[in-house]
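Hi everyone, thanks for making the time this morning. I'd like to walk you through one structure, so let me put it on the screen.

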Amino acid sequence: MRIWGKVLGFLFGLMLSKNIFGALLGAWLGHRFDKGIGLNFNSLGGAKSEADRQATFFYSSFSVMGYIAKANGQVTQHEIAFATAYMDKLGLKDSLRQQAQDAFRDGKTTGFPLTERLTELKSAVGSRQDLLLLFLEIQIQVAFADGSLDTDEREALHQIANGLGYSAQELDKLLEMIIAGANFHQQGQRGANQSFAQSGKQLENAYKVLGVSKSDSASDIKKAYRKLMSQHHPDKLVAKGLPPEMMETAKQKAQDIQAAYELVSAQNK
């Protein structure tokens, strides 16, 4: 039931006329407005509850994962293993895990309405661009699950990026950062057992994780680091609508950004 036209009409009528008759006239005009045009608070981002936003992000993440997994015509074991490991990492059990599996299965079906799903996600997220960035990063990780990107997977990523408002150049830079991040994370797990060459490669990946180069100033590197940390801060993302079950993704990303910055900063001292 639309009531905002009546409420606003009553208030404006009261303010302008200073009497109850003007207020009632304003309420009547507002009533006509409600019946005719109405106010679409979805477009203003006001009608979506946190629960709605989280549910949309959750379903979209796993369904689009399925779409990418099927991009080259068949779902590989690497992609299935990634989806399963991702659900494990998030601690998804029982009904939540079933929802994730159902969404992944939906994305694999022929004729999956990718454009509609992305439009729904953008509508739910509104101006919260950090959520869209994290969403795209998750999909890149799926596409790169087997350690490489084929033509179909790259095309699927470009479709998704375009649907979310990212340019081809922005996607290419993000691809470089995510792939470097995956390598950096693996190298970090090896720890002190790395060779000198591997250590050099880890430093190279650290720069790419931050989206900077060795020639950049310490000030520019710090600025890039702070921007990335702000975009991937787990608590901020949850406050903006990231499902709490998916906070682990943001935590790991933030930890890798922190580790990359510490490595680069130590090298530049």
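Let me begin with the second largest pocket, whose lining divides into seven nonpolar, three polar and five charged residues. Before I go on, please keep in mind that this is a predicted model. That pocket holds about 380 Å³ of space. It has 15 lining residues, and those nearest its centre are L133, M177, K227, L228 and Q231. If you want to find it on the screen, look for α7 (129-143), α9 and α11 (218-231), the elements that give two or more residues to its lining.

Now for the largest pocket. Its volume is about 600 Å³. Of its 23 lining residues, F82, Q141, A182, H185 and Q252 are the closest to the centre. Here the elements that give two or more residues are α4 (77-89), α9 (168-190) and α13 (247-267). Which of the elements gives the most to this lining? That would be α9, with eight residues.

Let me step back to the whole chain for a moment.

Take L242 as an example: leaving out residues up to four places away in sequence, L242 touches Q54, F57, L131, L134, L237, M247 and A250.

A pair of rings is described by the distance of the centres and the angle of the planes. In this model the count is six aromatic pairs. For F57 and F135, the ring centres are 6.0 Å apart and the planes are at 75°; an angle over 60 degrees counts as edge-to-face, so that is what we call this pair. F57 is in helix α3 (residues 50-69) and F135 is in helix α7, 78 residues apart, and the pair links these distant parts of the chain. Are these two residues buried or exposed? F57 has a relative accessible area of 1%, so F57 is buried, and F135 is buried as well, at 0%.

A second pair is Y67 with F112. This one is tilted, with 5.9 Å centre to centre and 40° between the planes. Y67 lies in helix α3, whereas F112 lies in the loop between α5 (94-108) and α6 (114-125), so the pair ties together parts that are 45 residues apart in sequence. F112 has 9% relative accessibility and counts as buried. There is also a cluster, in which ring pairs link F58, F62, F82 and Y86.

K240 is in helix α12 (residues 234-240). Its relative accessible area is 28%, which makes K240 partly exposed. R128 is 112 residues away along the chain, and the C-alpha atoms of K240 and R128 are separated by 6.6 Å. Setting aside neighbours within four places in sequence, K240 is in contact with E50, R53, R128, D130 and L131.

The other residue is T151, in helix α8 (residues 151-164). T151 is exposed, with a relative accessible area of 66%. T151 and N72 are 79 residues apart in sequence, and their C-alpha atoms are 8.1 Å apart in space.

That's my tour, and I'm happy to go back to any part of it on the screen.

How values were computed: Residues numbered from 1 in each chain as written. Predicted model: local features only at pLDDT ≥ 70, side-chain atom pairs only at ≥ 80, totals over all residues. Heavy atoms only, no water. 1 Å grid on protein atoms, 1.4 Å probe; cavity = no way out; pocket = protein on both sides within 12 Å on 5 of 7 lines; lining within 4 Å. Points joined across faces, edges and corners; volume = space filled by probe spheres on them. Helix = DSSP H or I, 4+ residues; strand = E, 2+ residues; numbered from the N terminus. Nonpolar A, V, L, I, M, F, W, Y, C, P; charged D, E, K, R; others polar. Contact = heavy atoms within 4.5 Å. Phe/Tyr/Trp six-rings, centres within 6.5 Å; stacked < 30°, edge-to-face > 60°. Buried < 20%, exposed > 50% of the residue type's maximum accessible area, 1.4 Å probe, protein only.
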